[in-house]
Amino acid sequence: RELFTAYLINDMTVWDNFLHTTTWDSLTIEEKIRYINYEYGYVATAVDTKQPDAKQHVECFKTHIDALQGLLPQATIMTYLSSYAAYRAKLSALEFLSQGLKAKSLAQDAANLDPTNPLALTLVGCVDFYAPAIVGGNKHRALQTFQKAVQQIEIEGDTIDNWNYVSAQIQLAMCLDKTGNRQEAILYCEHIL
């Protein structure tokens, strides 16, 4: 609950502390699956805010993805690998294009492999939402994908203390706004709150 609450108030130092004080090798498989999901979210923040240990976090994330091969659905592994490529792209101007294209391809492959995987759907939605139209971005397609992601999480009943659910809802609200549905976006934000 503490990690979820920290997400809601945007206090990622709690996540950073959790990742630094938890020993991966001592975790059960279930705990590792939970850990990597928080790592997935935190590494994006570490890279975006240029934390001094961001590169170390990125490489640990990759090690953890490799360790969970065969223990997570393949679409989830591909989603994490897509994110890893995106993080590397952001860290290196030299790798920006190649890793960015790899991230986009892996995200789409993940969603194609399992069109009901909420993590994969949310990532594909983000790719479409944030990418310029000139490289294939499409906010209207992103809107549909975010709606599917939120709906799938609700179908699975995984809505309590789930930061991925809140993240998908926030992305959906932003996408509603950017596609000209401002009033619907406002109402949806009120629903989220």
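I call a residue buried under 20% relative accessible area, exposed over 50%, and partly exposed in between (1.4 Å probe, protein chains only). This is a predicted model, where local features need pLDDT of at least 70, side-chain atom pairs count only at pLDDT 80 or more, and totals for chains, interfaces and linings use all residues. Residues are numbered from 1 along each chain as its sequence is written, and side-chain values use heavy atoms, with hydrogens and water left out.

**Salt bridges**

I looked up the salt bridges next. The rule asks for a side-chain nitrogen of Lys or Arg within 4 Å of a carboxyl oxygen of Asp or Glu. I get 6 salt bridges by this rule.

I started with Arg 182. Its side chain forms a salt bridge with Asp 177, at 2.7 Å from N to O. Arg 182 counts as exposed because its relative accessibility is 53%. Asp 177 is at 28%, so I noted it as partly exposed.

Arg 88 and Glu 95 also meet through their side chains, at 2.2 Å from N to O. Both ends are partly exposed: Arg 88 has 22% relative accessibility, and Glu 95 has 24%.

Which residue does Asp 48 pair with in a salt bridge? The partner is Lys 90, with 2.9 Å from N to O. This pair links distant parts of the chain, 42 residues apart: Asp 48 sits in helix α3 (residues 29–48) and Lys 90 in helix α5 (residues 74–91). I take helices as DSSP runs (H or I, at least four residues; strands are E, at least two), numbered from the N terminus. Asp 48 is partly exposed, at 48% relative accessible area.

**Surface patch**

I then checked the surface for nonpolar side chains. Phe 96, Leu 97 and Leu 101 form a nonpolar patch there, with about 360 Å² of accessible area together. Patch members have over 30% relative accessible area and no salt bridge; nonpolar side chains (Val, Leu, Ile, Met, Phe, Trp, Tyr) are joined within 5 Å, like charges within 9 Å. Areas come from the Shrake-Rupley method with a 1.4 Å probe, and for residues only the protein chains shown count as cover. Leu 101 belongs to helix α6 (residues 96–113). Leu 101 is exposed, at 55% relative accessibility.
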